[in-house]
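Dear colleague,

My notes on it follow directly after.

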Amino acid sequence: MAALDLVPNRPNHGRSASAPPSIEESGVLLPPNRFYNEESQRISNMIDDELKKESALRKEAKRKEIKVMLLGQAESGKSTLQKQFQLYYASQSLEHERPSWKPIVHFNIIKAVRMILDEIEYEVSRTENDEETEAEVEVESIEIADADKTELMDLRKRLLQVVALHDSLASELSGGVSITGGRTGVFVRSGWQTLLTPSRGWMGNVASTKSTAVAGMAAKTLNSSQDEIRQLWSHPVVKKFLDLRRIRLEESAPFFLDNLERIVQPDYVPGIEDVLSVRLQTLGVIEHSFPINLGGTMYDWRLYDVGGARGQRHAWVPYFDDATAIIFLAPISAFDQYLEEDPRTNRIDDSLQLFTAICSNQLLNKAHLVLMLNKTDLLKQKLKAGIKVAKYITSYGKRPNKYEDVSNYFRAHFIQIHKRKDISNRALYVHFTSMLDIKATQSIIVNVGEAIIRQHIAQTGLA
Ligand SMILES: Nc1nc2c(ncn2[C@@H]2O[C@H](COP(=O)(O)OP(=O)(O)OP(=O)(O)O)[C@@H](O)[C@H]2O)c(=O)[nH]1
Ligand SMILES: [Mg+2]
């Protein structure tokens, strides 16, 4: 084979007059170069088209993203509404989570037992101690018969093991999180269920639920102490203190104590009613998302459930500027209650102040606004029990202490705030709700969901 004829590599600038023309000069490579230019242009156009398509898809996905914030004070029912949405649009996931609610239901019972016993102990020690402090004199002491005292103190001793679980279970369920200011309870952040929800591949076998050591101990202790808890719950002195509102339990406590026998069974799995009734404070902002089909188009519905206590509200703001809608919850049963974080502030007053801040917030000026006047069932109960609105809200005056009048009075206040303070004169949709009533709430959810999506379509021109 002949050796290759190699051209010596000479630096360009040293090219002699007889040197062959450069590639550009020779024009030899022009046709293939043109081909490359055309090809690269074609590829570049293709990439541009792809990018445009992607960006259009992204824009469309963004327009189909409906971001809804649930706002309102603590215990207004935001997480309960979120569960109702989940129940309607993603019932499988709520079904799957049911076992993880078991220790939380147990915690609700333990907390109620502790609150009852604390109050009883305080009242017993007051009546035994002749020298009352000035503050105590203001509250009339109630005579407790000696036999009742002995019985209740004995029950207290037997229930110490239940009470002893309170702090450790709260700490474990909250992942060690606690809140400054002495509030007690369970707080959850986003993703808490992974701690307690059965792993993937779960086939309905409740026994496979991951249960922490303390949660397991709580379940056993409640089971073995059920008789004492029942005796305490049905004791006439406890009933009397509850009637006189000297003991103020969390709103869901009576429901769980009435259902004790079912709840302390070893194979107990919370039902939907239990999951809706449970009290569990939200910490920070928790996002839930599920698809909603409206007229054949799928929308990516994103709910932002926030912690409503005053110390939590700063965490809402970063979510404001791209919120599609706000659902504001105000519990109108709370006219006789005060904020846990600020016992001088009436809870209705706090809701009105918070609603004013939301209506006038510049960052929220494009968000659609829905107001839910919640806990109407509890409002009816309180009015029926003879609790007078005017005793707590003097401006209520001599109006009738009836549900129609009271609920319309509160609604008028919220509507007036909206009229005066709303930054963008937008429409306000108002609903009276009772979030534990599944049937009624589900129909409101569908209406509210569709109204928000339709308004969004009208605003963005999305077909
Ligand atoms: N009776 C009754 N109870 C309700 C209603 N809505 C919510 N609840 C109960 O009120 C309690 C508080 O509700 P949540 O949904 O946890 O309140 P939240 O607004 O999420 O509270 P934070 O997370 O602390 O901001 C729970 O025990 C609920 O079951 C209602 O309309 N009627
Ligand atoms: Mg919550």
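How many nonpolar, polar and charged residues does the shell around ligand 1 have? There are eight nonpolar, 13 polar and six charged residues in that shell. Here Ala, Val, Leu, Ile, Met, Phe, Trp, Tyr, Cys and Pro count as nonpolar, Asp, Glu, Lys and Arg as charged, and the others, Gly among them, as polar.

Please note that this is a predicted model, in which local features need pLDDT of at least 70 and side-chain atom pairs count only at pLDDT 80 or more, while totals for chains, interfaces and linings use all residues. Residues are numbered from 1 along each chain as its sequence is written, and chains are lettered from A and ligands numbered from 1 in the order in which they are written.

The ligand shell

The residues that come nearest to ligand 1, out of the 27 around it, are G77, S79, T282, G308 and M435. A residue is near a molecule if its C-beta atom, placed from the backbone, lies within 6 Å of it. At least two residues of the shell come from each of helix 3 (78-89), helix 16 (272-277), strand 3 (281-282) and helix 18 (376-384). Helix 3 gives the most, with three residues. Helices (H or I, at least four residues) and strands (E, at least two) are DSSP runs, numbered from the N terminus. Domain 1 (66-96 + 282-458) and domain 2 (97-277) each contribute at least three residues to the shell; the domain bounds come from an automatic or database domain assignment.

The chain as a whole

The chain has 21 helices and eight strands. Of its 463 residues, 30% are buried. A residue is buried if 20 or more other C-beta atoms lie within 10 Å of its own, exposed if 12 or fewer, and partly exposed in between, with C-beta atoms placed from the backbone. Among contacts between residues at least 6 apart in sequence, 78% join residues at least 24 apart. Two residues are in contact if their C-beta atoms, placed from the backbone, lie within 7 Å.

The strands

Strand 1 (residues 65-71) and strand 5 (residues 297-306) pair in the parallel sense, over six bridges; two strands pair if DSSP finds at least two bridges between them. Within this pairing, L70 has D305 of strand 5 as its bridge partner. Strand 4 (residues 285-294) runs antiparallel to strand 5, with 10 bridges, and S289 stands opposite R302. Two residues separate strand 4 from strand 5 in a hairpin, and G295 in the turn has a positive phi of about 60°.

Strand 6 and strand 7 pair in the parallel sense over seven bridges, with F328 bridged to L371 in strand 7. Strand 7 (residues 368-374) is mostly covered, as seven of its seven residues are buried. In a regular strand the side chains alternate between the two faces of the sheet. In strand 7, H368, V370, M372 and N374 point one way and L369, L371 and L373 the other.

The nonpolar cores

In soluble globular proteins, nonpolar side chains tend to be buried together. The largest nonpolar core has 46 residues, of which L70, I326, I327 and F328 touch the most other members. A nonpolar core is a set of buried Ala, Val, Leu, Ile, Met, Phe, Trp, Tyr and Cys residues joined through C-beta atoms within 7 Å. Strand 6 (residues 325-331) supplies the largest share of this core, six residues. Apart from this core lies another, of 35 residues, including V113, I116, L152 and V162.

I109 is found in helix 5 (residues 102-128) and is buried because 23 other C-beta atoms lie within 10 Å. Beyond its neighbours within four places in sequence, I109 is in contact with L222, F256, L257 and I263.

Most residues other than glycine have a negative phi. R245 is not a glycine, yet has a positive phi of about 60°; R245 sits in the loop between helix 13 (236-243) and helix 14 (253-258). K375, also not a glycine, has a positive phi of about 65° and lies in the loop between strand 7 and helix 18. Is each of these residues buried or exposed? R245 is exposed, because 10 other C-beta atoms lie within 10 Å. K375 counts as buried, because it has 26 C-beta neighbours inside 10 Å.

With kind regards
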